[in-house]
Amino acid sequence: MAYKSGFVSIVGRPNVGKSTLMNNIVGEKIAIMSDKPQTTRNTIQAVYTDEQSQIVFLDTPGIHKPKNKLGEMMVKSAEDAFRNVDCIIFVVDESDSIGKGDSMIIENLKKTKTPKFLVINKVDKIKNKEELFEIIQMYDDLNVFEDIIPTSALKGSNVEELVNVIKRKLSEGPKYFPDSMITDQPERVLVAELIREKILLYTNEEVPHGVAVGIERMKKRKDKNIVDISAVIYCERDSHKGIIIGKGGRKLKGVGKSAREEIEFLLDTQVNLQLWVKVKENWRNLPNYINDFGLNENRD
């Protein structure tokens, strides 16, 4: 049997479960997950490999109406992911109507000849099969998608079927990455994202997405199996700094402890994690700061 390979973009509005879906497919945590929209800021490349195929996934930022320079960069990154791929996975949630955001993405999808598949995620929230069938029929009537796959990325339901659908569409091709490789993201980027995920988790709705994490130092000790990591959490206001640190530093300690545990699992070594919080006002509208945090708006 011929070996198949290809590149697949995962697109959709914020908070529909794109990162959860990709993590479930590759079996590892590559993209951070949160119940807050616009969690993903970069186009993250993840690799699924088995004996018959290799699928390279691009998990894109959620497409939304941008409110600042960072938001514009995120939307451009997502829209760029429509190009130069073998197929597109459009993820929606269990809503029984098509909103403005999804309609905008669908209109863009109509303009591309790239094969398109629809994933209706979070179907575990749907009460009955009849309601699910009506949602499937609503999208099928658009005549845009080659196939529609209902899934629950969180629970892993029907994810294997989605992978099989993608495989059937791929052409014969080479293995682009080694079997053991599941992402092209540098460890420093993954570490920074894990820390940012914990900030979103611990601060709930109190701090908006004006938070970035910069890794100042990441070095393994010569004589011990320990990696020393120094990271700075940047926020836009003094009030946000206080919220992140928390009373008596409790929230920052919680962020550090939770992040360190996942970073140790990621790096397979002990980690000494030091966190600081600094204010950079309006950084999301300053291209130099966006680039400093690895969120380059001029990527191809």
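Helix axes here are lines fitted to C-alpha atoms over the stretch in contact, and the angle between two helices runs from 0 to 180 degrees between their N-to-C directions. The exercises below use this on a predicted model.

**Exercise 1. Describe how helix 1 and helix 5 pack, and which residues make the contact.**

Step 1. The axes of helix 1 and helix 5 lie 10 Å apart and meet at an angle of about 80 degrees.

Step 2. Angles of 65 to 115 degrees count as roughly perpendicular, and therefore helix 1 is roughly perpendicular to helix 5.

Step 3. On the side of helix 1 the contact is made by Leu-21, Asn-24 and Ile-25, and on the side of helix 5 by Val-159, Leu-162 and Val-163.

Step 4. Sorted by class, the residues of this contact are five nonpolar, one polar and no charged.

**Exercise 2. Work out which residues touch the most other members of the largest nonpolar core, and which elements supply it.**

Step 1. The largest nonpolar core has 25 residues, of which Leu-21, Ile-25, Ile-55, Phe-57, Ile-89, Leu-162 and Ile-166 touch the most other members.

Step 2. At least two residues of this core come from each of strand 1 (4-12), helix 1 (18-26), strand 2 (44-49), strand 3 (53-59), strand 4, strand 5 (116-120) and helix 5 (159-169). Helix 5 gives the most, with five residues.

Step 3. For a view from one member, take Ile-55, which, leaving aside its neighbours within four places in sequence, is in contact with Gly-6, Val-8, Ala-46, Val-47, Tyr-48, Val-163, Ile-166, Lys-167 and Leu-170.

Step 4. Apart from this core lies another, of 24 residues, with Ile-195, Ile-199, Ile-215 and Val-255 among them. As general background, nonpolar side chains in soluble globular proteins tend to be buried together.

**Exercise 3. Classify the aromatic pair of Phe-90 and Phe-145, and place its two residues in the chain.**

Step 1. The structure holds two aromatic pairs. In the pair of Phe-90 and Phe-145, the ring centres are 6.0 Å apart and the planes 20 degrees apart.

Step 2. Planes under 30 degrees apart count as stacked, and this pair is accordingly stacked.

Step 3. Phe-90 sits in strand 4 (residues 87-92), while Phe-145 sits in the loop between helix 4 (129-140) and strand 6 (147-150); the two are 55 residues apart, and the pair links distant parts of the chain.

Step 4. Both Phe-90 and Phe-145 are buried.

**Exercise 4. Decide whether Asp-102 is buried or exposed, and list what it contacts.**

Step 1. Asp-102 belongs to helix 3 (residues 100-110).

Step 2. Its relative accessible area is 2%, and the limit for a buried residue is under 20%, so Asp-102 is buried.

Step 3. Beyond its neighbours within four places in sequence, Asp-102 is in contact with Arg-13, Phe-90, Val-92 and Tyr-139. One of these, Phe-90, is also a member of the stacked pair of Exercise 3.

Methods: Residues numbered from 1 in each chain as written. Predicted model: local features only at pLDDT ≥ 70, side-chain atom pairs only at ≥ 80, totals over all residues. Heavy atoms only, no water. Phe/Tyr/Trp six-rings, centres within 6.5 Å; stacked < 30°, edge-to-face > 60°. Helix = DSSP H or I, 4+ residues; strand = E, 2+ residues; numbered from the N terminus. Buried < 20%, exposed > 50% of the residue type's maximum accessible area, 1.4 Å probe, protein only. Core = buried A, V, L, I, M, F, W, Y, C linked by side-chain atoms within 4.5 Å. Contact = heavy atoms within 4.5 Å. Parallel < 35°, antiparallel > 145°, perpendicular 65-115°, else oblique. Nonpolar A, V, L, I, M, F, W, Y, C, P; charged D, E, K, R; others polar.
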